[in-house]
Amino acid sequence: MIKILLVDDHILFMKGLHMLLSVEPEKYEVCGYATNGKMALDILSENDIDVVLMDINMPVLNGYEAMFKIREKHPHIKIVALTMHAEDTCVLKILEAGALGYLFKNVDEKELFDCIEAVHDN
C-alpha cells in the first residue's frame, strides 16, 4: 500500500486525483490534502506518507520551496511534481528541488500510476 499526500491549491483537481487513485484501493491510500507547501509540511510531520504529489505554483509556500524542505526534513519521502509547466528551466528546477518524478496535469491514469509506483520503488 502506497500512502499518498496530495498537494495542490485547486481542491477540485485534488478530489479528482483522489477519485482516480481510489480505483485501486489495494495499491493506493490518499492520506491527506494540502493546499500549499506549509500545510504539506505540517501534515508530513504528523503522518506516515510514502509519496507526495505536488503542484508547483501555490500560495504561502510554493512547490519548489516545499520540496527542498521535505527533502531536508523527510528524506525518505518521495516527491512527484504535478504541473502544467513544460519549460526546461522549470523541469530542471523541480529535479534540483528533490522531485523524483515529473508529470503534466493532463496525464492519463496509467501514466500516473506507473510514475507513482516507479518513484515509490526507487
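Which residues have the most contacts inside the largest nonpolar core? Select Leu5, Val7, Val52, Met54, Met67 and Ile94, and you have them on screen. The whole core has 25 residues. Keep in mind that you're looking at a predicted model.

Now colour the elements that give two or more residues to this core: β1 (2–7), α2 (37–46), β3, α3, β4 (78–83) and α4 (88–97). Why would such residues gather at all? In soluble globular proteins, nonpolar side chains tend to be buried together.

Zoom in on Ile94 for a moment. Skipping residues up to four places away in sequence, Ile94 touches Ile56, Tyr64, Met67, Ala81, Thr83, Ala99 and Tyr102. Next, hide that core and pick Leu6, Val30, Val80 and Leu112: they are among the 18 residues of another core, which lies apart from the largest one.

Show α1 (residues 11–22) and α5 (residues 109–120). How do they pack? Their axes are 11 Å apart and meet at an angle of about 80°, so α1 and α5 are roughly perpendicular to each other.

**An annotated aspartate**

Go to Asp55, in the loop between β3 (51–54) and α3 (63–73). An unreviewed UniProt entry places the feature "modified residue: 4-aspartylphosphate" here, at Asp55. Is Asp55 buried or exposed? Its relative accessible area is 5%, and buried means under 20%, so Asp55 is buried. What surrounds it? Leaving out neighbours within four places in sequence, Asp55 is in contact with Val7, Asp8, Asp9, Gly63, Leu82, Thr83 and Lys105. You've already met Val7, as one of the residues with the most contacts inside the largest core.

**Two stops with positive phi**

Stay in the loop between β3 and α3 and select Val60. Its phi is near 70°, a positive value in a residue other than glycine. Val60 has a relative accessible area of 65%, so it counts as exposed.

For the last stop, jump to the segment after α5 and click on Asn122. Asn122 isn't a glycine either, yet its phi is positive, at about 70°. With 73% relative accessibility, Asn122 is exposed.

Definitions and conventions: Residues numbered from 1 in each chain as written. Heavy atoms only, no water. Axes fitted to C-alpha atoms, helices over the stretch in contact; angles between N-to-C directions. Helix = DSSP H or I, 4+ residues; strand = E, 2+ residues; numbered from the N terminus. Parallel < 35°, antiparallel > 145°, perpendicular 65-115°, else oblique. UniProt positions renumbered as here; feature names shortened; annotations may be inferred. Buried < 20%, exposed > 50% of the residue type's maximum accessible area, 1.4 Å probe, protein only. Contact = heavy atoms within 4.5 Å. Core = buried A, V, L, I, M, F, W, Y, C linked by side-chain atoms within 4.5 Å.
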